[in-house]
Amino acid sequence: MDITIHTTVLPHDDPDASLAFYRDVLGFEVRSDVGQGRMRWITVGPVGQVGTSILLAPPAADPGITEDERRTIAEMMAKGTYGWILLATHDLDGVFEKVSAGDAEIVQEPTDQPYGIRDCAFRDPAGNMVRIQEVG
């Protein structure tokens, strides 16, 4: 069996802010941008890694979601407890410095964890937790 992880989904509540963060701060390339207004689906990914993408999507766009569920998703996004992703880099300090210079909310500075990794954490404009760990 040959299965890869191709795309993961993170919600956005302001597509322009999310696009600017992933494109301009993290340096991801934009692979597609469809829809209009707040109903945009934007696919971004690391340059040169066409097989790995993040789909930035409007939350609760599914017509099967109830108003209560939409409200819960909005509340969780506001608290930063709805979506998260784990990224990796060879240059954790360099990435952290660039992210720190932007508007991202820093959750954790680069830290050597007792379980053997070094990582940092911040929130993207939609409140999603973005953890980045250093790889050798």
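Let me begin with a contact between two charged side chains: Asp112 forms a salt bridge with Arg118, their closest N and O atoms lying 3.5 Å apart. The term salt bridge denotes a side-chain nitrogen of Lys or Arg within 4 Å of a carboxyl oxygen of Asp or Glu. Through salt bridges that share partners, Asp93, Asp112, Arg118 and Glu134 are joined into one network. Asp112 counts as exposed, at 59% relative accessibility; exposed here means over 50% relative accessible area, buried means under 20%, and partly exposed lies in between, with a 1.4 Å probe and protein chains only.

A word on the basis of these values. This is a predicted model, in which local features need pLDDT of at least 70 and side-chain atom pairs count only at pLDDT 80 or more, while totals for chains, interfaces and linings use all residues. Residues are numbered from 1 along each chain as its sequence is written, and side-chain values use heavy atoms, with hydrogens and water left out.

The structure holds 11 salt bridges. One of them joins the side chains of Glu29 and Arg31, at 3.0 Å from N to O. Glu29 is partly exposed, with a relative accessible area of 27%, and Arg31 is likewise partly exposed at 27%. In another, the side chains of Glu67 and Arg70 meet at 3.4 Å, N to O. Both residues belong to helix H2 (residues 67–79) and stand 3 residues apart, about one turn of the helix. Helices (H or I, at least four residues) and strands (E, at least two) are DSSP runs, numbered from the N terminus. Glu67 is exposed, at 54% relative accessibility, whereas Arg70 is partly exposed, at 26%.

I turn now to the pockets. On a 1 Å grid over the protein atoms alone, a pocket is an open set of points where a 1.4 Å probe fits, with protein on both sides within 12 Å along at least five of seven lines; lining residues have an atom within 4 Å of a point. A volume is the space filled by probe spheres set on the points, which are joined across faces, edges and corners.

What is the volume of the largest pocket? The value is about 430 Å³. Its lining comprises 22 residues, of which Phe28, Pro46, Gln49, Leu87 and Ala88 lie nearest the centre. Two or more lining residues come from each of strand E1 (7–11), strand E4 (53–57), strand E5 (84–89) and helix H3 (92–101). E5 gives the most, with 5 residues. By type, this lining divides into 13 nonpolar, 8 polar and 1 charged; Ala, Val, Leu, Ile, Met, Phe, Trp, Tyr, Cys and Pro count as nonpolar, Asp, Glu, Lys and Arg as charged, and the others, Gly among them, as polar.

The second largest pocket has a volume of about 180 Å³. Its lining divides into 6 nonpolar, 2 polar and 4 charged residues; among them are Phe21, Asp103, Glu105, Arg123 and Asp124. Which element provides the largest share of this lining? Helix H1 (residues 15–25) does, with 4 residues. The buried residues of H1 are Pro15, Ser18, Leu19, Phe21, Tyr22 and Val25. After H1 comes Gly27, with a positive phi near 80°.

Finally, Met39, which lies in strand E3 (residues 39–45), is partly exposed, with a relative accessible area of 41%. Val34, Met39 and Trp41 form a nonpolar surface patch with about 260 Å² of accessible area together.

Definitions and conventions. Patch = residues over 30% accessible without salt bridge, like charges linked within 9 Å, V, L, I, M, F, W, Y side chains within 5 Å. Areas by Shrake-Rupley, 256 points an atom, 1.4 Å probe, with all protein chains shown as cover.
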